[in-house]
Amino acid sequence: IAVLFCCVNLLSADELQNIIAKLKSNDESLKTCKGSIIQTTILGKNKKTFSGKFYFQKPDKVKIEYEKPFDQIIVSNDEKFWQYVPSQKTVRVAKWSELDISEKPELDFGLNILGQLREDYALELKGFAKLDGGETILINAIPNVKTEVKNISKISIWISKEFLMPLKFEIYDESDNVLGWVMYENYKDYSGVMFPQKIHMWNRLPAGHIFNHITYRNVDINKAIDKNIFNLVLPKDTKVVE
């Protein structure tokens, strides 16, 4: 468990805008991304590890081709979701909004988290803070009175003081309990685009706590991706499972 504490706020009022602009610029610089993925999901006593290839193209195209422990292809466009198992000749089709959090492809790299929060949250620059022994910049996101977000009192975001990228964020309920957190590790500079090689996630669910540990390897940023990659052509004898 990280030991966290805040120092005296020595940051100027303009620093928050500088951080927001930095994250936005970095996020906008990433157009496509592909590589290998290893994902371990832990729910209670159940632990599963999947590995394969992933493809991502803005604004909303995702494809993951899992090879282990069994063949599985996932394609989504942020509205619709396909889960195809070639060996079983079955495909599941669902709306993105219908999926449980444990089912959604986790390809959110967190590069523009502050830009995403600005619509429904007021951002507060709290100052310097310690995270796992290193110095960071702490920002709190407080829900606006107009937002429909419920049962969330705040979201705390720790930004690297060195390269101004998110290292962690935590979501708190109205009783100040942590509902979930995400950590980003091993950033690498891909010709001006900072990208995390590892992402760790924890969420509190009614059925228990769920952990997701994701590692990206052999990553290519902004390399051309064939548009047919995101077309799911199914054999005629494929059975559709709603």
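In this predicted model, Gln 72 belongs to strand β5, which covers residues 72-76. With a relative accessible area of 5%, Gln 72 is buried, because buried means under 20%. Leaving aside neighbours within four places in sequence, the contacts of Gln 72 are Phe 50, Ile 64, Glu 65, Tyr 66, Gln 83, Tyr 84, Val 85 and Pro 86.

**Nonpolar core and aromatic residues**

In soluble globular proteins, nonpolar side chains tend to be buried together. Here the largest nonpolar core holds 48 residues, of which Cys 33, Leu 114, Ile 157, Phe 195 and Tyr 216 touch the most other members. Strand β13 (residues 193-205) gives the most to this core, namely 5 residues. Not counting residues up to four places away in sequence, Phe 195 touches Leu 30, Cys 33, Phe 109, Asn 186, Tyr 187, Lys 188, Tyr 190, Tyr 216, Val 219 and Ile 221. Phe 195 is also part of one aromatic cluster, together with Phe 54, Tyr 190 and Tyr 216.

The whole structure contains 7 aromatic pairs. One of them joins Trp 181 and Phe 211 in an edge-to-face arrangement, with 6.4 Å centre to centre and 65° between the planes. Trp 181 lies in strand β12 (residues 178-190) and Phe 211 in strand β14 (residues 208-221), so the pair ties together parts that are 30 residues apart in sequence. Trp 181 counts as buried at 19% relative accessibility, whereas Phe 211 is partly exposed, with a relative accessible area of 28%.

Two lysines are placed over aromatic rings. Lys 168 lies over the face of Trp 181, at 5.7 Å from the ring centre, and Lys 161 lies over the face of Phe 128, at 4.6 Å from the ring centre.

**Backbone features in loops**

Most residues other than glycine have a negative phi, and most peptide bonds are trans.

| Residue or bond | Backbone value | Location |
|---|---|---|
| Lys 58 to Pro 59 | cis, omega about 10° | Pro 59: loop between β3 (46-57) and β4 (61-68) |
| Lys 68 to Pro 69 | cis, omega near 5° | Pro 69: loop between β4 and β5 |

Lys 89 is partly exposed, with a relative accessible area of 41%. Ser 191, at 83% relative accessibility, counts as exposed, because the exposed class begins over 50%.

Key:
Residues numbered from 1 in each chain as written. Predicted model: local features only at pLDDT ≥ 70, side-chain atom pairs only at ≥ 80, totals over all residues. Heavy atoms only, no water. Helix = DSSP H or I, 4+ residues; strand = E, 2+ residues; numbered from the N terminus. Buried < 20%, exposed > 50% of the residue type's maximum accessible area, 1.4 Å probe, protein only. Contact = heavy atoms within 4.5 Å. Core = buried A, V, L, I, M, F, W, Y, C linked by side-chain atoms within 4.5 Å. Phe/Tyr/Trp six-rings, centres within 6.5 Å; stacked < 30°, edge-to-face > 60°. Lys NZ or Arg CZ within 6 Å of the ring centre and 35° of its normal.
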